[in-house]
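Here is a short briefing for a reader who is new to this structure. Please keep the sequence and the 3D view open while reading.

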Amino acid sequence: MLEDSQASIITAVWELILLYLCCCRLATGCTGVLNVSCITVDGSLVVLFASAPSDEKMYPPSRKDFIALTLPDSSNHPYNNGKHRRQSCWRKWKQLSRLQRSLILFLLMLLLIFGLFSFPSITEQWRGFSDREGWLEVNDRGIKLQRKTPPQWSGQMLVPTLLEETRDQNIPMMPKPPIKKKGPSKRGPPNLQKNVGAALPDAAEGEKKELIENEGGEEDKEEKIISWRGAMIEADQATEPPPSAVDKGPVAPVPVNPAPPEATGGSVDRLEVVRDTFRHAWKGYKDHAWGRDELKPISKSFGEWFGLGLTLIDSLDTMWILGLKEEFTEAKSWVEQELSFSKNTDVNLFETTIRVLGGLLSTYHLTGDQLFLDKAKDLGSRLMPAFNTPSKIPFSDVNIGKGTAHPPRWTTDSTLAEVTSIQLEFRELSRLTQEPQYQEVVNEVMKQVHNLGGKQDGLVPMFINTNSGQFTHKGVFTLGARADSYYEYLLKQWIQGGKTEDTLLEDYLQAIDGVKKHLVRQTGPNRLTFVGELSHNRFNPKMDHLVCFLPGTLALGAHNGLPGDHMDLAVKLMETCYQMYKQMETGLSPEIAHFNLQASDSRDIYVKPADRHNLLRPETVESLFYLYRFTKDTKYRDWGWEILQSFNKYTKVAGGGYTSINNVEDPTNPGPRDKMESFFLGETLKYLYLLFSDDAELLHLDKYVFNTEAHPLPIWPSSPK
């Protein structure tokens, strides 16, 4: 039985509903009789409405409309006689009577009106909350909380007024990597599994304090973060995924190097700056990605590609060359104790050969340590199944644990660069082990490519089929991605073998003639020389940053007695590659540049939005190294120094590591991609160090040839037998 007070409330409510129903019936012209009855079921009140037409001649056969309202009793035993049917929402809505639909719409209208009237009070509360929020302000000592107005709309995203202030100060900002609130990470070499302060003997005191505070986890601080326009985190596998937005910590600026000492009349040790840059990158790798393939410095995590410690192995010879013996010893210990190739995993033949096999071989030559040769031999034997194809053109992927190989999942083609840029490493492995099968399989590839049709004045298509051994996608020629290192390895194999393999030299000379004939052009405004692409006899003024290997390769050929006009072209192309950095607002080159052939325009280089990223690539500083070694022109050193400063200004991440960026044209928001490629340590910093070194005997270019991952291998004293 319901209480009297409850009954009176219910009666009042239903009087309002009845009044509304009567109005609805009058508005719709319904003159039927409305019957209302109330019953109780197990202590619950059930109100039934029934309507019947008063004139059967005027209306269709009699139909009754019902609404059942069930009010549960105090013991929570509702009465429910509905049948559960699987019906669509629209069908259920159509099955409701006009009365029921009107009632539902009326209630929704009341809710809408209530929401509109309450909106001003909600906005006032939000405005008060926003006024109380503090925003970040930059000063000469870093970042502090400042009570300021909320973020303003920038056209693409909300950017705090901080960004407007920093434009005038030319201080780039990078968000501090989000940190999960937990204890110190146990991942890393043994000497890093201690307190954080002890692990940072060389760090600045401010940086130490910042890292210790973050590790301690100050839960109660207000969380402030500045989003970066265009930032993208790549979907790599990681054991520790990036923290969620809830876990993000306060923003920290990118450490900006002060003005170079020479600008104030002092001097600077450029070699030491390179070492410091390496140490900072290596610190991030040790702290957050030890033994993994790649560091993700923003999220303080790692990415796995093959699970072979790519960054560590790629960096071994760099550490030795830079004289970083302590770091080298730690890395060697990991190779000895942890590196194993007997795992069920697919690896890319080309990338594994140039990074891992090449890195192990070069480290063996520099140190004389048998450990690295043994590891190289183990890996080389596991890569051999890739060559078990009908055409002897290798598959792109190998399972080094199972001993099986296959092409990419989507095609039976391999890229030409992949199958023709593994020769230096396999040939050297045969020479060291006295096992000829490694050299035989890669020499067979070069022999087949030499005899194939489909070339155009020495230029080769980008793809080759592993079943037929024939070129595919004919008519498209580039010195960029998928074909670049084919041309590089033609020359370097000839040099490696003691300049005795004439077929390799012929193919190289013919290819350079084809480049000059079909691909070399000059811009309209300032006559910059560049190398474009050819697609079915249609020229495209587009040049990958990868093509900037060519000035160094041309200079190397000229140094080894090839025509002098190769050096002339190298000097012109070197200027263009430098301008790809110089003309960008960040001083860093885009991944792809497009060149202006119209003299009426003022700008030589423009960049499409999809091509504005920078991956910390080495090709330009590689060529600067070759040009300086052969000409001794100090401008090449100065250009390299400018590039290094830009890397430190726009890609350095507080706490350790460097990140590739999304937009080289926006110095305020370059947009970190949260990835440090292994070649930044393996190639970019190595070539910068060699560029600045005055030791002409350090990896003398008459004694060593560099593979396409910058790993030096010795030039053979005589042709192989």
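Arg382 is partly exposed, with a relative accessible area of 22%. Its salt-bridge partner is Asp378, and the closest N and O atoms of the pair are 2.9 Å apart. The model is a predicted one.

**Salt bridges**

- Helix 10 (residues 370-383) holds both Asp378 and Arg382. The two are 4 residues apart, about one turn of the helix.
- Asp378 counts as partly exposed, because its relative accessibility is 28%.
- Elsewhere, Glu272, Arg275, Asp276 and Arg279 belong to one network, joined by salt bridges that share partners.
- Glu272 and Arg275 both sit in helix 6 (residues 270-288). They are 3 residues apart, about one turn of the helix.
- Is Arg275 buried or exposed? Arg275 counts as buried, because its relative accessibility of 17% falls under the 20% cut-off.
- Glu272 is partly exposed at 28% relative accessibility. Arg279 is partly exposed, with a value of 28%.
- The structure holds 28 salt bridges.
- In general, side chains of opposite charge can pair when their charged atoms come close.

**The chain as a whole**

- The chain contains 20 helices and 25 strands.
- It has 721 residues, and 52% of them are buried.
- Take the contacts in the chain with a separation of 6 or more: 67% of them are between residues 24 or more positions apart.
- The accessible surface of the chain is about 33800 Å². Carbon and sulfur atoms account for 53% of that surface.

**Core and buried sites**

- The largest nonpolar core has 151 residues. Which members touch the most other members? They are Leu312, Phe387 and Phe426.
- Beyond its neighbours within four places in sequence, Phe387 contacts Leu349, Lys392, Pro394, Ile422, Phe426, Val441, Val442 and Val445.
- Thr620 lies in helix 18 (residues 619-631). Thr620 is buried, with a relative accessible area of 0%.
- Setting aside neighbours within four places in sequence, Thr620 contacts His545, Cys548, Met574, Cys577, Tyr581 and Ile643.
- Thr620 and Tyr687 are 67 residues apart along the chain. Their C-alpha atoms are separated by 9.5 Å.

**A nonpolar surface patch**

- Ile104, Leu105, Leu108 and Leu111 make up a nonpolar patch on the surface. Together they have about 380 Å² of accessible area.
- Leu111 is part of helix 3 (residues 98-132).
- Leu111 counts as exposed, because its relative accessibility of 59% is over the 50% cut-off.

- How many bridges join strand 21 to strand 22 (residues 592-595)? There are 3, and the two strands run antiparallel.
- Lys542 has His594 of strand 22 as its bridge partner.
- Another open sheet has 3 strands in the order 16-19-20, and the pairing is antiparallel. Strand 16 (476-477) and strand 20 (538-540) stand at the edges. Each has a single partner strand, so one side of each lacks a neighbour in the sheet.
- Strand 16 pairs with strand 19 (residues 533-535) over 2 bridges, in the antiparallel sense.
- Phe477 is opposite Leu534 in strand 19.
- In general, strands of a sheet pair through backbone hydrogen bonds, either parallel or antiparallel.

**Positive phi in loops**

- Lys499 is not a glycine, yet it has a positive phi of about 60 degrees. It lies in the loop between helix 14 (484-496) and helix 15 (502-518). Lys499 counts as partly exposed at 39% relative accessibility.
- Asp674 has a positive phi near 60 degrees, and it is a residue other than glycine. Its loop runs between helix 19 (635-650) and helix 20 (678-692).
- Is Asp674 buried or exposed? Asp674 is buried, with a relative accessible area of 2%.

Note on methods. Residues are numbered from 1 along each chain as its sequence is written. This is a predicted model: local features need pLDDT of at least 70, side-chain atom pairs count only at pLDDT 80 or more; totals for chains, interfaces and linings use all residues. Side-chain values use heavy atoms; hydrogens and water are left out. A nonpolar core is a set of buried Ala, Val, Leu, Ile, Met, Phe, Trp, Tyr and Cys residues joined through side-chain atoms within 4.5 Å. Buried means under 20% relative accessible area, exposed over 50%, partly exposed in between (1.4 Å probe, protein chains only). Contact means heavy atoms within 4.5 Å. Patches are made of residues with over 30% relative accessible area and no salt bridge: like charges are joined within 9 Å, nonpolar side chains (Val, Leu, Ile, Met, Phe, Trp, Tyr) within 5 Å. Accessible areas come from the Shrake-Rupley method with a 1.4 Å probe; for residues, only the protein chains shown count as cover. A salt bridge is a side-chain nitrogen of Lys or Arg within 4 Å of a carboxyl oxygen of Asp or Glu. Two strands pair if DSSP finds at least two bridges between them.
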